[in-house]
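Hi,

Here is the structure I said I would pass on.

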Amino acid sequence: MRLHSLEITAFGPFADEVGVDFDALSDAGLFLLSGPTGAGKTSVLDAVCFALYGDVPGDRSTAKRLRSDHAPPGLAPRVCLEATLAGRRFRIVRAPSWERPKRRGTGTTVQQASVTLSERVDGGWVPLTSRIDEAGHLVTGLLGMNLTQFCQVAMLPQGRFQAFLRARSEERHALLQRLFRTGRFEQMERWLRDHRLTLRQQSRVQHDRIAHLLQRYAEAADVGFPDDWDLHALESSAPDLAPWLDTVATDAGGALVVAESAAAQARTAESTAAEALAAGRTTAQAQARRRAALRDLESLEADGPAHEARRQRLEADLRAAALAPLLDAADRADHDAEVAARDAAAVTTHLASHLDGEATIDLAEVERHHRHAVETGARVRALLPRRDRCLAVRREVEALASRRAQLHTALTAASADLAELPGRIDQGRLAHAASQVACQTLPAAEVELRAVERRAAARLDADRLTVVLDEAVVAHRESVGIVQALTATWLDLREQRLTGMAAEIAGQLAVGASCPVCGSAEHPHKAAAGPDAPDAEAERAARRAVDDASAVEHAHADQVRELTSRLAVAREVAGPEADDLAAAVAAASARVAALRADAAALDDRAASVRAAEAELALAEESVRGLEADVVSLDQTRSALLQEEREALVAIDAELAGSGHADLDALLQHVDRVAELAGTAADRLRASSQARQARARHRAVLDEALALHGLSDSAEARACLLDDAERADLTRRIEQHTQALAAAGAIVADPESRAAGLLPPPDLDRLSDAVRDATDQAEHAVSLLDRARRRVERLHGLRAELAVALAAWAPLRERLEVATGLSSFVDGKSPDNRLQMRLSAYVLSYRLSQVVAAANDRLRRMSDQRYSLEHTGQRGAGETRGGLSLLVRDDWSGDTRDPATLSGGETFVVSLALALGLADVIAHEAGGADLDTLFVDEGFGSLDADTLDDVMDTLDALRDGGRVVGVVSHVAEMRDRIPTQLRVLKERSGSRVETSRG
């Protein structure tokens, strides 16, 4: 990094704009930044930090008052820095947040912070971003350091390293962690502590699960725990439960065997009683069936005559049923013959009414009329096209007359157009010339319109952003209030929790476990928490709420900064507010629209001129064509009239003597006669065929009646039964036959005869015996099922217990490892002899690097007397070690605490430590190239020889082209360093001036 120039306006003590030319100061390599106390020497460095990072180092960043109190009310604070970062030239313009006077009315409003980052490319400045967050990420990436590291590397701060030299290990730990960004190791320490607590909680949960399983096992077996075994012993070890579990399982298995034997005996007795009951019921059923069969035989023998009559009636129906198809066919033949005769008579009568009233028409006469009608219809159909052509000719003649009138009208119009076309051509040529002028003027008018539109859009955007910015400021203030309220709530909860920490620790104590505070295993009076006492989860929830609200507040702050930057850009683009941009946009838009319309019509107007010229030629050709069309049309009309006259002569000849006025009536008449004649002929033939079929069916029926012993068809029809009667007779006959056979079989059966000889069985007594045996069997089975379930339950619980013990064993091992590792990393283990945390161990390595780099310069500045030593031992009053510093006096060979150094010695050692830390941080940042370095320390405490050594060291820092700026108001420094940047303090504000000796 090399600084080139710095412009400061209304910033810190500088009321007006001041400039610093670092390129001029860099020629000497070493320059002095001097001035009286309070003039603003440190403010120049603050301006550099603010330009790069948007903030100032140290406690000054908390004041939030960067604007000069001496500046005029309306002058905006601003810092502009030109610097080379990572080999690229940048210009950074930043403005802090400040309260400016309102543009309308009285009072002030907050003007938010803004930034513009530009890069020099090909001799010009190219804007990269105006977003505060993007600019910060870009600068941090180019430098490879954050603000804290930059201040320690490039700006050795005033008095900071004396405090660092004399700080305690804990304070030095916090600073080094911020500088070297080693927070991940502290996060690892916290993770190990949380992991240990998590494993302890998981182990306690697993212990409770095992205890619960043991309790369920004892309850399932209906036994108690062994007298020599303590349930709470599970907290520290896993005792051997196998003997007790085996004993309980063996007892349960023996009880199961006894229950199985008793259940088998009860089921055997139940089966014997059930078999006796079944045999008695079988005998009683056989005796009942024999008595019922004897009663059925008597009843069936009495119904014998009626059964015979039903059988004979069914046989007569079967004989008549064979003739049923012939009877139906004969009836159909009679009906068909009568219908055919009626249809033939009706059709011939209708035909006679169309043949001039002939009364009787036979088949031959009907066929003759049919042939005549068909021939006449053929001749008429042949004339129909000629008649239709006559009608079409008539329509064509009428259309030709209309067309001739249209041609005459078109001819008149074409002649009129032909007369006016020359004037239209002249007007089109004038319009085409105007379009050519518009095409030349349009680009300049469009450029002017876009410029006015951009200003108008920027004006609207500025008005909108003003409203949005005010809302964002209000939201940011509200979010700040929320963060403060939630922080107060969290601190109250933390204080309440710390107050009730004894009750919280007491709640975590287990019976027989040692107290983490006093170490006692006895807890006679444990502290109890109040009803509303907060716990760790409530504190974490409150802390999460604070973090969430802080994130929201940061988001609102970023939004306010972004809106401020955008508003400044919009107002700069919009220009003076007095301009009437709306009217300017409207006037420019109207002019551009008119020019665009004329320019857009250029091709159309040129085409219009060409079209008019072509239209003139076409009009002349059209007039000549229309005249020729009229002559052709007259010739066509004469030919069509001749064709019509010839067709009418042929039609009149056909209609003569027919008694019809036109061809359609004649054709309709002959078609109707032909249709009726054809139908009549078909009906006469069908009637003759029906009479012949009736005679054949009658002959066949008479022969069948004689064959089946029936006198006529009436007798045959009387013997027929309908389906319901026939089914009823068949069913009753089959029932009688089947019942007679079934009753005879039962009576003749040997088992039935044997059962009839036995006495009736006592079914009530046998049922009571079965019921008693069943009750006894169910009770035995219930006992067996209970014993079986107990064995299965014990087996399942033992498997669960084995799984739980197996899962608990590695958990205890992991807890033991996590506890030891967490204690060691946290510096509380006896194995950690230095009582040093992991993060302190990492930082101790970094500190040893800093001490080595500092000693290279300290020996030169102290005439080889002093050197720094890093020790891992704890200092006085410290509980942790690892980051302690001692000063070794090589003249005496002793080491002592830095607090024993004099003021000048403290300054020399602190400066060496600062330079060493700067070297290590620069190397940590990837070897960042820092070509500009400031040393802001007090040189007034040094004697002349020591000051010479210090100046030699500072002079050595210029190696490689580095520029070193020394900040001091000591008069002797002004004599030693001729190139100076002086800050002069005045009542109206400070100013700067440069001098080169």
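First, a word on pLDDT, which is the predictor's confidence in each residue, on a scale from 0 to 100. The protein averages 75, and 80% of the residues score at least 70. Where pLDDT is low, the predicted coordinates should not be read in detail.

Some ground rules: this is a predicted model, so local features need pLDDT of at least 70 and side-chain atom pairs count only at pLDDT 80 or more, while totals for chains, interfaces and linings use all residues. Residues are numbered from 1 along each chain as its sequence is written, and side-chain values use heavy atoms, with hydrogens and water left out.

Now the sheet. Helices (H or I, at least four residues) and strands (E, at least two) are DSSP runs, numbered from the N terminus, and two strands pair if DSSP finds at least two bridges between them. There is an open sheet of 6 strands, paired antiparallel in the order S2-S1-S4-S5-S8-S9. Strands S2 (14-21) and S9 (124-129) are at the edges; each has a single partner strand, so one side of each lacks a neighbour in the sheet. From one strand to the next, the twist averages 20°. S5 (residues 88-95) and S8 (residues 114-121) run antiparallel and are joined by 6 bridges, and Phe90 has Glu119 in S8 as its bridge partner. Helix H3 (residues 132-143) lies across S4 (78-85), S5, S8 and S9, at about 140° to S5; axes are lines fitted to C-alpha atoms, for helices over the stretch in contact, and angles run from 0 to 180 degrees between N-to-C directions.

On to the cores. A nonpolar core is a set of buried Ala, Val, Leu, Ile, Met, Phe, Trp, Tyr and Cys residues joined through side-chain atoms within 4.5 Å; buried means under 20% relative accessible area, exposed over 50%, partly exposed in between (1.4 Å probe, protein chains only). The largest one has 48 residues, of which Leu6 and Leu52 touch the most other members. Helix H2 (residues 41-53) gives the largest share, 9 residues. Another core, of 32 residues, lies apart from it and includes Leu847 and Phe907.

Cheers

Definitions and conventions:
Contact means heavy atoms within 4.5 Å.
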